[in-house]
Amino acid sequence: MVFDFDMIKKFYESYAQKVEATRKIVNHPLTLTEKILYAHLWQGNADLAFERGKSYVDFAPDRVAMQDATAQMALLQFMQSGRTKVSVPSTVHCDHLIQAEVGAVTDLSKAKSQNKEVYDFLASVSNKYGIGFWKPGAGIIHQVVLENYAFPGGMMIGTDSHTVNAGGLGTIAIGVGGADACDVMAGLPWELKFPKLIGVKLTGKLSGWTSAKDIILKVAGILTVKGGTGAILEYFGEGATSLSCTGKGTICNMGAEIGATTSIFGYDNKMAEYLKGTGRAEVAAEADKVSGNLTGDKEVYDYPEKYFDQVIELNLSELEPHINGPFTPDLAWPISKFAEAVSTNQWPEELEVGLIGSCTNSSYEDITRAASVARQASDQGIKTKAEFIITPGSEQVRFTVARDGYLTIFENMGGVVLANACGPCIGQWARHSKDPNHKNSIVTSYNRNFAKRNDGNPNTHAFVASPEITTALAIAGSLSFNPLTDYLTNDKGEKVKLEEPQGIEMPVKGFAVDDAGFQAPAEDGSNIQVVVSPTSDRLQILAPFKAWNGSNLSGLRLLIKAKGKCTTDHISMAGPWLKYRGHLDNISNNLLIGAVNFFNEKTNFVKNELTGEYGPLPETQRAYKAAGVATIIVADENYGEGSSREHAAMEPRHLGVIAVLVKSFARIHETNLKKQGMLAVTFNNKEDYNKILEDDVIDINGLTSFAVDKPLEVVLHHKDGTSHSFLVNHTYNEQQIEWFKAGGALNIIRKEFEESSK
């Protein structure tokens, strides 16, 4: 089945003409990124060239995708928009709420029972508003999108930071908050600051133990977790065209860990093969007609320094397998130096668990390469020393690898196959441990490894590697094992060396599946009722946020001055809190409980200026709200990195925080704050962060003349009677300033619809 083929065909029919119009306006050879972005302008054909990193641009994405945890809030907001049907093809994917504990069958059954209210809500709201619904067990959103919806040259947004996975099939795919998704589903333009461009030239070819995962692990080490912020990475070169489509997807997927807006590869034979192999030969045929415009111009790739803001070059023939971590996905170690790093840093050498799969690495190719390593161990009498867990990315992949015998290989080595869901990758893991806080090491083929990310234990040292390296380390049970050089001992006492993994990009017999898990929406949803119980603790109908009162902000209290890394996991944890993603008040009880308080080095322990006592952060903020005292959050660099979850912006807004002042923001989180009517500002001089004291009363002046590119003033009133003032910057454009004044973008959408309906 080919979804939305008429939309795709219509896009290709006008694509070449849009590219040529862009070429005349821009007046230089075009990157692939520029071709796709300019072809999706809300206004139609380009009539001016945009400035990278500065110009705000309105786009018209082709589709929207939402996972179940974020879809709840996105659709609760959409229900307030007044629309009767989504304006672009949209889908919901139930992948986040299934907790990994025992195995696929038991865990899925338990999830369907525990989350019935949420699944029923998502199914009914999807049915009513014309949204495709992928049931629990169908697979992880990004794998399902790659298999069914992504297409070369397309543009989509998704309410998950790893939406970028679709770049592996030539789609500009960008993670957003639910408010952005709501706008696009409501038929409005989607705004993005025109990104800078980073070109990544890949030469040579992968071989042996090295895989596509190692490319992005290396790039993460080069660019760090914020080096891609505000930029799109465009991969090109002979090395790029040699990679499988799903390998490209892996690279794009983990581009979220370097802060990139998205990543993309040009259309090639590997993509055409994947489209045909996943039942979309018609899409490949249409793409072939405009293939010359589905990659960057030749001159761009011949002289990349002239057309990209930054260029990175990697020789794949020389690339080593990498292992990244712990506690951050950009701490990159070539495997030849990893054992030394383990010893020097005194990380726990024993490997307790190896986990493969997830949205990053669960393709047919990934599974077959890992299985080839596992089979060698089993055949040669080697027992796996670490616990081994497999998470298939979709029911189609699971069914096919089961048919072809690969899951049996894992099970024979003691592996446990989980449901087709996110599971341990997002903290949905009931890990079996006698001491849940013990110091230990795990290795995963996932994408993100912040502290507490997988199992809630701050002492779990999580490392990221390819599925085949993860499998080899799990067999050895040691972080110091290097499968390229080291030997294992089998049950006969013989020394055995693992051979290089062998993989198959596409199944020889083709993909197969009995029930992919898709539910099409009703043709007419006007009579379908979406019911949310007023007593539910899982779902809550949203109330509009209050508009700005027209005055400068005065008398703000400091809720927390966060120290160091403060990701969306620190601001709004996942794991057990996922069940409250549809209930804003309940989930607000996790607000910033993972953030480190600068003044006492503790988490979830801040001073209540009303009482002078210290206590949990959410309770403290609720006390401020009850007393009518507005507050401010102060934080360090790259605040809000990681997931796209807009709860990290909605929770402080709901509880009465009015402003966030940081050294720098992660892109998605800054947009989410703006969408919810928050004031998001940055220090003009980052050293001013040190001037903020625990007992300060804070004013923010300049809002009565709030304007584009005009700094605001912060005044600190210290307890000793002295004061400090300094400038802070913002990136609000005229439209975003209106969001702030209205109390949030949704308030404007609702008002416009109500006025048009009169």
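**Close-up 1. Helix H10 is mostly covered in the predicted model.** All 10 of the 10 residues of helix H10 (residues 245–254) are buried, where buried means under 20% relative accessible area, exposed over 50% and partly exposed in between, with a 1.4 Å probe and protein chains only. Among them are Cys245, Lys248, Thr250 and Met254. Helices (H or I, at least four residues) and strands (E, at least two) are DSSP runs numbered from the N terminus. The model is predicted, with local features needing pLDDT of at least 70 and side-chain atom pairs counting only at pLDDT 80 or more, while totals for chains, interfaces and linings use all residues. Residues are numbered from 1 along each chain as its sequence is written, and side-chain values use heavy atoms, with hydrogens and water left out.

**Close-up 2. The open sheet of 4 strands has parallel pairing.** Its order is E10-E9-E8-E11; two strands pair if DSSP finds at least two bridges between them. Strand E10 (262–265) and strand E11 (310–315) stand at the edges with a single partner strand each, so one side of each is left without a neighbour in the sheet. Neighbouring strands of this sheet are turned by 20° against each other on average, direction ignored. Strand E8 (residues 196–203) runs parallel to E11 and is joined to it by 6 bridges, and isoleucine 198 stands opposite glutamine 310 in E11. Helix H8 (residues 212–223) lies across E8, strand E9 (231–236) and E11, running at about 140° to E11. Contact means heavy atoms within 4.5 Å; axes are lines fitted to C-alpha atoms, for helices over the stretch in contact, and angles run from 0 to 180 degrees between N-to-C directions.

**Close-up 3. The open sheet of 6 strands has mixed pairing.** The strands follow the order E6-E5-E2-E3-E4-E21. Strand E4 (residues 132–134) and E21 run antiparallel, joined by 2 bridges, with phenylalanine 133 opposite glutamine 519 in E21. Helix H3 (residues 68–78) lies across strand E2 (63–67) and strand E3 (90–93), at about 115° to E2.

**Close-up 4. The largest cavity holds about 210 Å³ of space.** A cavity is a set of points, on a 1 Å grid over the protein atoms alone, where a 1.4 Å probe fits but cannot get out; lining residues have an atom within 4 Å of a point. A volume is the space filled by probe spheres set on the points, which are joined across faces, edges and corners. Of the 21 lining residues, Ala256, Gly259, Gly642, Ala666 and Ile668 lie nearest the centre of the largest cavity. Helix H24 (residues 667–675) gives the most to this lining, with 3 residues.

Definitions and conventions. 1 Å grid on protein atoms, 1.4 Å probe; cavity = no way out; pocket = protein on both sides within 12 Å on 5 of 7 lines; lining within 4 Å.
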